[in-house]
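Please look over the sequence and the structure below before reading on.

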Amino acid sequence: MDALSALRQRLAAIADLNGAIATLAWDQETYMPPGGAEARGRQLALLGRMAHEQFTDPQVGRWLEQIERDGGTFAAGSLEADLLRVVRHDYQRATRVPAEFVAAMMEHSSAAYDRWTRARPANAFAMVADSLERTLELSHQYAGYTPGVAHPADALIGESDEGMTVAQIRPLFAELRAGLVPLIEAIGARPAPDTTFLTRHYPAAAQLAVGMECAVAFGYDPQRGRQDLTHHPFATRLNHGDVRITTRVREDDFSEAFFSTLHEAGHAMYEQGVAAELEGTPLASGTSAGVHESQSRLWENIVGRSRGFAEHIVPRLRTAFPQQFADVTPDIFYRAVNRVSRSLIRTDADEVTYNLHVIIRFDLELELLEGRLAVRDLPEAWRERYRRDLGVVPPDDRDGVLQDVHWFAGLIGGAFQGYTLGNIMSAQFYRAACAAHPDIPEAITRGEFATLHGWLQRMVYAHGRRLDADAVVRHATGGPLTIAPYLAYLDAKYRALYQC
Ligand code: ZN
């Protein structure tokens, strides 16, 4: 067997191991009784180790060398060339960090996470300060293993948003913040819309049915997916023919399940849309955290919270919930689901303020890594930024610096920027789709989504990891990532909504 075939066979086996891991993890988050936790943790660790060993095996490096030696020059843009580029990249990344460091990091992370689970309810930042210092050291050490990074955060940003760097993101976020702070101030001076109908009683089964109906109308293929209940909603790819979504229902809050279903359907349609020929290779997945988030946000916010969609969905919701929606017009619905409020908690934030929560975390990460901010001063720096940017101050660390798990279960850097990069990209993709098909907004008011879904399928989904984030943005929109469409979208939508 030639080297390329041998390599592909190995990659296919690793993809199957990863599919088995995803299946066990999905079960753990949906149906597994608590008693199964210990054995499941062991099984997942074992399969994870096997997949890692199969991939970091020196034989993989020898196959790659041999393909190069045999004059394995494949035409640029061919499937083989893309595959080899991505496998070489992943292989280098997986093998350059010493195993002892990985072991030390994992041991530290699980201890740090354990401390955080106790520190947050106790509202005691002091309990995690030491371990956070250590996390910061490890983050620097990790960056040291990545050649050619200009900023220590670049090593970690590259893990989730390959090709993006602090140098690119910082000015983009500064521009976004400069646009958002005055917009949020102006909105805050206006009366808030009435949202009381959203918290009437909505039976769970009817909520799940209507959410799934919308996901399918958008383009989610139920023959290759399903929906189940969980605590923290997610979408997961088990394989090309099986991409699942999960949701959480509250009978006293219509928004919770409905919009998280549209969000996860966006992630899942991306995975379902990856070309079948990429199955069994590392190319068969969404290309970066930011591009993935752009697909969930596009369907959840740009489509799901649009005036046109309200026109289409409110009559349908009135059939599903005749009493609860009796007095709800498309206009009332549109205003209520786009309510902006300055909150302390990132995960509860609306479309506009969400980005400030992300930018605050991103900036603080950089200050920590650059040595401009000491860990002990972090809680105060957090409060100060919330006061300045959002005009609210957390009364304690529980709803302040301790609210997110990210810094307490992994390294510092790279964990947050993807959310806002996704928002920025979502508007750029949508603008390009509408430029190609000006009838898209009108079609949405009729509940027709095939043109938009088809455009995304061709321009974004199908390529999987063959195009990285920068390349897929250029391919789909004809230019590099830019903030202008997103700022224009927010400004036009919310200044009209709030008449400010
Ligand atoms: Zn998401």
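Is Asp-228 buried or exposed? Asp-228 counts as buried because its relative accessibility is 3%; buried means under 20% relative accessible area, exposed over 50%, and partly exposed in between, with a 1.4 Å probe and protein chains only. The model is a predicted one, in which local features need pLDDT of at least 70 and side-chain atom pairs count only at pLDDT 80 or more, while totals for chains, interfaces and linings use all residues. Residues are numbered from 1 along each chain as its sequence is written, and side-chain values use heavy atoms, with hydrogens and water left out.

Asp-228 belongs to strand 1, residues 227-229. Strands (E, at least two residues) and helices (H or I, at least four) are DSSP runs, numbered from the N terminus. Leaving aside residues up to four places away in sequence, Asp-228 touches Trp-26, Thr-30, Tyr-31, Ile-245, Thr-246 and Thr-247, where contact means heavy atoms within 4.5 Å. The side chain of Asp-228 also makes a polar contact of 2.8 Å with the side chain of Arg-226. A polar contact is a pair of N or O atoms within 3.5 Å; within protein, one must be able to donate a hydrogen and the other to accept it, and residues adjacent in sequence count only if both atoms are side-chain atoms. From Asp-228 to Leu-390 there are 162 residues in sequence and 35 Å in space, C-alpha to C-alpha.

Strand 2 (residues 235-239) holds Arg-237. With 17% relative accessibility, Arg-237 counts as buried. The side chain of Arg-237 has polar contacts of 2.9 Å with the side chain of Glu-271 and of 2.9 Å with that of Glu-279. Both glutamates are also in the list of residues that Arg-237 touches, which includes Ala-22, Asp-242 and Val-243.

How is the chain divided into domains? The assignment gives domain 1 (3-126) and domain 2 (166-498); such bounds come from an automatic or database domain assignment. The centres of the two domains, taken over C-alpha atoms, are 27 Å apart. In the contact between them, 32 residues of domain 1 meet 35 residues of domain 2.

The size of an interface is often given as the accessible area lost when the parts come together. Here domain 1 and domain 2 bury about 2,700 Å², with 61% of it on carbon and sulfur atoms; the area is what the two parts lose on being put together, found with a 1.4 Å probe and summed over both. Trp-26, Arg-120 and Phe-125 supply 27% of the area that domain 1 buries against domain 2, more than any other three residues.

Across this interface there are 3 salt bridges, each a side-chain nitrogen of Lys or Arg within 4 Å of a carboxyl oxygen of Asp or Glu. Arg-120 and Asp-399 form a salt bridge through their side chains, at 3.6 Å from N to O. On the side of domain 1 that touches domain 2, the elements giving two or more residues are helix 1 (3-30), helix 4 (79-96) and helix 5 (99-122). Helix 1 gives the largest share, 10 residues.

Asn-123 lies in the loop between helix 5 and helix 6 (126-144). Phi of Asn-123 is positive, near 55°, in a residue other than glycine.
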